[in-house]
Each structure stands twice: as structure tokens, then as C-alpha cells.
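Hello,

Here is the structure I said I would pass on. My notes on it follow below.

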Amino acid sequence: MLKTFKIGGVHPPENKLSKDKKIEVLPLPKTVFIPVAQHIGAPSTPVVKKGDEVKVGHVIAQSSSFVSTNIHSSVSGKVTKVDFSADSSGYPKQGIFIAVDGDEWVEGIDRSEDLVKEISIDGPEIVKKIQEAGIVGLGGATFPTHVKLVPPKGMKAEVLLINGVECEPYLTSDHRLMLEKADEIMVGIQLLMKAMGVDKAVIGIENNKPDAIKLLNQKCASYKGVSVQSLKVQYPQGGEKQLINAVTGKEVPSGALPIAVGAVVSNVGTAFAVYEAIQKNKPLLERVVTVTGKGLKKPSNFLVRVGTATSELIEAAGGLPENTGKIISGGPMMGRAIASLDVPVTKGTSGLLLMQEEESKREEIQACIRCSRCTSVCPMGLEPYLLMTLGEKQIFDRAENERIMDCIECGSCSYTCPSSRPLLDYIRFGKGKVGAMIRSRKK
Amino acid sequence: MSITVVYTIVTLAVIGAAAAVILYFVAQKFKVFEDPRIDDVDEALPGANCGGCGYAGCRAFAEACVKASSLGDLNCPVGGNETMNNVASILGLEAVKKDPRVAYIRCNGTCDNRPKTSSFNGATTCAIASSVYSGETNCQYGCLGFGDCFDACDFDAIVMHPETGIPEIIDDKCVACGACVDACPKSLIELRKKMPKNRKVVVSCRNQDKGGVARKACSVACIGCSKCFKECPFDAITMENNLAYIDSDKCKLCRKCVAVCPTSAIIEENFPPRKAKPEVKKETEPVN
């Protein structure tokens, strides 16, 4: 029997429309808007001002604390302003506007396709370079990678888990990357292993991607310590804690980090970015984005410069279909609807999903019928119906005792609810309030 | 048979007497002294338990009143000056007269004034909508219209306008408890001084964007032009973050600001209709 995580999970229709589409390089946009907060942690501080000329790869915003990261210019041209503009939430966030002029790169960046296998630097230097290159977790959570690689005192990493699961329906960016950049990913994994000082790495891939499993299995023969684990298709297997449970059988305790069971999880996209940063000296300034949807003419996978407006991606994928009801940044389960097409692609944008009018609306909310399906599908073993009620009634201290902070916001409960209750809406709201409560207590 | 009845009565009587003696001493030993004035004050309060005074309920407020040395910081907004006078006479303190207040919702972003650019499909409460995104229009400061204030009001003083979807306050029912002020995630609601005949002059906008951005999102937005600020003879208007604010304690209801506001963001309510404007004459004068 195939491995998977032990509790909960759902299996939504996969709809991987763009899985056979090669990664295309998106033409350069005319302008970009690069937000300074593209990661978890403190927003970076802009170091350019209006009128400055920048080249591709220039640092335009510097890391402001340990849990923060550098942001590089993804284009060459002139900074038109450093100002606030609406991000995917509609609230204005600080960022840098650049008018694109040509495509000049900073010297020292190797843009060739040649594979560089030899690793010439040691562990701490790799971590330092990862930090400088502005690499964050590209699975969507955008946690700065260099922080993950340095375990807290007294803890030791034993195994590196590489997340090639891509359990979100529709998304295919990681899948394509594994097929087209397998060797680069392998070298990236070697680099991460060296940085952490571990000699074992496991790539977890769901078995709806047999071509990727086969290819990476072949590659494993020539890279020491790396193996591939095929997994049963089950959402949310790409969740850090779920992947650890599926591959190693260990359970991360409530409130603890994966390092508590000796594991560090990184996405395949991150491994590729690490390869480029260290072997090619290229900072993180572009990423693969899946643009998909049933009504879309040409679902595709694009290699996109950070800061490109959403509208350009949709244009390249055949234009906005008339009956579009909702555009989601990310996958259908965890992604967020965006309110404007000016929203830029950031380091965490794994996909854009255009939903048709008829599939985008929620059903009418009905009373809870106590079927307990939400409880049985919750991958964290929580009681979503209870957490929702506590959020609704604003009983936050009890919600904390019921481990509301363990919720990974995967949305399996809302997906499975036969009464279409907005479970996750209220739980996320409660999580925000409880989080604020905990932070104010620490002060 | 009869002797059994006597035994029973005697036994129970003895147990009863013993228990009474024990209870008496226990009651003496663990006696909790409570100021009888707390009950009196509690009696004098409206008993709405709305929390508008800042205490958990009327009883807690009564305890605070009895403990306090002056009533300066204590006020029951529901009962107003009358109730506070009664409380003061019970406690032998002096009541501090406070201006009655009334809630006002500072947004006029109706569908006509503020076009919708997206629609929200999640759980319909303002708290959740505002935690997810900025709102259905391009104004991130305006009313979301899901009625958290309506739900919070214990006095039926808020109605959701069926056409505009924006809540309205019924002045005569509003007791200024402040529950709606806390409920609004956009901080749109303010407790303002109650003027004679419920008259109002208010900047009905909280948009802090630059003029152009604000105006594009909503035709009645405050664009921060400062015209009202310069016009006001009583220094009641302050400008901060591209937004004018009228201090209801200083405002004398002269309405000069209303006349100069280019976007009609300043609203006057409950005034008799204005007389025909003299400006019409001025236009004709040069022709003659």
C-alpha cells in the first residue's frame, strides 16, 4: 500500500489541465511593481529611490531582520516611484515601481543552461548565499529558507524532505519543474543537504505524477543519499506536517516546528532556486506560475519575473474568458481570490486559477447537521465545527485551548461540509484573534 | 405508633435547632459586608447591562460608583444626566454634567456614490470580510455593509438601509453605549455630541487616500482639500492624513464648511431647508 499521512484528508478532483504544457518564458512586462513584503517576517527596507537605474539582480530592498530577506530587481530600467499599491488583499503595501528598459543583467550572473554539478563552497557559506539571494519557500508559505537551515540550539536535523507533492488541484508548476529541471533540482538538494549537514534526503511525490517519479528515480542513482518516495494522492499532503508524517511516520507535536522530529521540508521550487543562487549566482527574481482554469483558452506554465501584473499572465494564456467569476492566486483549496488584475506576481505565487461564474459561487449556508465530516477530514485532528462556533461567538480563550493555532488552513473542512458552512472563514478569523492574544501576552 | 411520631418530631427538631445554631455562627464568621448603597445605586440604573459605561454591567458600575470619591470619570450613557443625578444624591456626591452623545456612521458610500469593483462571497460579517480583504469597492476605509454594528446594537437603534446597504442610526433610540463603535472593524462609528434637535454637521468619510485616489473610489469622499479647515471660524476642523474631522464639542453648526466642500463629503442633517442661494444673483449682476 502506498504511503500517506494518517489522519484526515480529502481528494478533490485533480483538474491538472496544464500538466503537459512546457514551461514558457513570459515576455518582459513594460512595468513591474515589486512589493517589499513577499515573505513571512519583517518587510524588507527599500534601498533605491525614484530615478535610480537598476539592472536585473540588483538588491532593491534589504533584509531588515533575521526572519526577513533581500529583494532583487527582476528587470532592468528606471525606478519610477517607491509607493504603496494594493496587493492581493486590496490593502496598500509598500513596493517599488520600475519602468522596464531592455534586459541588462548584473555582471557575474550565469544565464547559460549548462549544468554545474561540482559544489565548491562549504555549508555556512551556502546558507549565507541563500540569505543574500533572497530565497524563500516557494511552495506558497514564503518562509525565508536560510532561517530553516539553521536549527535552534540543541536540535539537529536528520533528514531533508523535498516537497514535490503538489497536492493542490489545478497547479502544475512544481510538476513541470521536476520534469524539465530534474538535474538542477538534484544539485539543489545536494546543496541544501550540505548546508544542513545531513546525508539523507527524500523527495515526496504523489503518484498522479508517474513521469516525475520515474525521472527523479533515475537521477537518484547518480546523486548520493537522495531517494524518491511515491505517495498516495491525498490533500493536504503538501502541508509540512502531513508530508513528514507520510514519509517518516513521525508526528510533529502541537505547536512545535518540524525540526523537533529532525526534519526540514523544502519545496522542489526552492531546491531549484538554491541551485541557481549558488551554482549560477542568480538571485530569486523569477518563478514558475501555472495559469489555469476550465474557461481559459490556453492553460500554461510560465516562467515569470517577480512583479509582473496578473493581467499580463492572463493575456499570455489566451485572455480573460468572459464568464470568469473569480480569479484565485494559488490553488483552489488554499489560494485567495484577488480583487484586481494589477496585483503582481510575488515569490509566493504558485498559480493563477480562473474560475467560471457558475463554479465560483458558494452554496447557500445551512445549519450544521452534526455529521462530523469536518472532524474526520481534518488533517490536524481538530474539531472544525467547534472552532467555527467559538470563532463566531468570539470565545477566543477556549478556542486557544481547543488548539485553534494548529489549524493549517487547508480548507478540507469547508470543502467537505454538506451544509456549505463557512468553517474556515471563522476559524481563520479566530486564529488571527488568538494569535494577537498570544503575542500581546508575550510582551 | 404514636411514640414513633413523637420521636421523629423530637429528633428532627433537635437536628434543626443544632443546624440553626451552627449556621448562625458560620454566617457570623464568614460574613461578607456589602455596602447597602450598591443595591440602591443598582436600583437607580437603567439595568440594560450594555457595558457602555466601560464596566461589565450595571452592578459592576454601581460598585465602582460607591467606591469612587468623585463621579467625574463615571457616566452611564444610557441613563444620562438624570440617572447620574440620582446616583449622586444616593451617594452624597456631586454629579458632573455630561453632554449626551449619539453614534454616527461616517461613511456615505452608497452604491451610487461608490461603485462596486468586486463581490465578497465568504462568511457575511464585517470582521471576517475586513480580515480577508479591503472590501467590495476601491475604498478600503468605507462601510462593508454586512451589519456587525446592527448585530451589536442592543437597543434597535441601527437599521440597515434596504437600498444603500449602509447602516443608519435612529438618534432617538441610540443611547451611546459604544457597542457599535467597537464592532466596526473600519472604525467608522463615532460618538458625537448630541446637538439641539439632533442637528449634525459631520465629515461623513474616513478615506485617508490622496485626493485623486479617494475621489476615483467614491464620489462623496473627503479629498483632503482643506477648504473646510480654512473656512471654519471656530477651529473645530482638523486635517490629518488627507482627511478632515469636525470636533463635535467645538462645532457651532454654522454650516460654512458644508457650503465649501467640493465633494459633498460634509453632511448636514435635521436642518430646515436653506433659503435660495444669493450666488445666483451675483451671476446676473455683471450682465446688468
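B:Val6 sits in helix α1 of chain B, residues 2-29 (helices are DSSP runs of H or I with at least four residues, strands runs of E with at least two, numbered from the N terminus). With a relative accessibility of 47%, B:Val6 is classed as partly exposed (buried is under 20% relative accessible area, exposed over 50%, partly exposed in between, with a 1.4 Å probe and protein chains only). Together with B:Val10 and B:Val14, B:Val6 makes a nonpolar surface patch of about 250 Å². Patches take residues with over 30% relative accessible area and no salt bridge, joining like charges within 9 Å and nonpolar side chains (Val, Leu, Ile, Met, Phe, Trp, Tyr) within 5 Å. Accessible areas are from the Shrake-Rupley method with a 1.4 Å probe, and for residues only the protein chains shown count as cover.

The model is predicted: local features need pLDDT of at least 70, side-chain atom pairs count only at pLDDT 80 or more, and totals for chains, interfaces and linings use all residues. Residues are numbered from 1 along each chain as its sequence is written, chains are lettered from A and ligands numbered from 1 in the order in which they are written, and side-chain values use heavy atoms, with hydrogens and water left out.

On the interface: 15 residues of chain B contact 14 residues of chain A (contact means heavy atoms within 4.5 Å). About 1200 Å² is buried between the two chains, with carbon and sulfur atoms giving 53% of that area; buried area is the accessible area (1.4 Å probe) that two parts lose on being put together, summed over both. There are zero salt bridges between chain B and chain A (a side-chain nitrogen of Lys or Arg within 4 Å of a carboxyl oxygen of Asp or Glu). Seven residue pairs across the interface are in polar contact, both residues at pLDDT 80 or more. A polar contact is a pair of N or O atoms within 3.5 Å; within protein, one must be able to donate a hydrogen and the other to accept it, and residues adjacent in sequence count only if both atoms are side-chain atoms.

B:Ser130 belongs to helix α5 of chain B, residues 126-132, and is buried at 14% relative accessibility. Its side chain comes to 3.3 Å from the backbone oxygen of B:Ala127. Beyond four places in sequence, the contacts of B:Ser130 include A:Tyr91 and B:Leu144.

In chain A, A:Glu409 lies in the loop between α12 (396-401) and α13 (412-416). The side chain of A:Glu409 makes polar contacts with those of A:Arg428, at 3.0 Å, and A:Lys431, at 3.0 Å. A:Gly411 is in the loop between α12 and α13 and is buried at 8% relative accessibility.

Over all chains there are 34 salt bridges. One of them pairs A:Glu180 with A:Arg176, closest N and O atoms 3.0 Å apart; both residues are in helix α3 of chain A (173-180), four residues apart, about one turn of the helix. A:Arg176 is buried at 7%, while A:Glu180 is partly exposed at 28%. In another, A:Arg441 meets A:Glu400 with the closest N and O atoms 2.9 Å apart. That pair links distant parts of the chain, 41 residues apart, with A:Arg441 in helix α14 (423-442) and A:Glu400 in helix α12. A network of salt bridges links A:Asp103, A:Arg111, A:Glu276, A:Lys282, A:Glu286 and A:Arg305.

Regards
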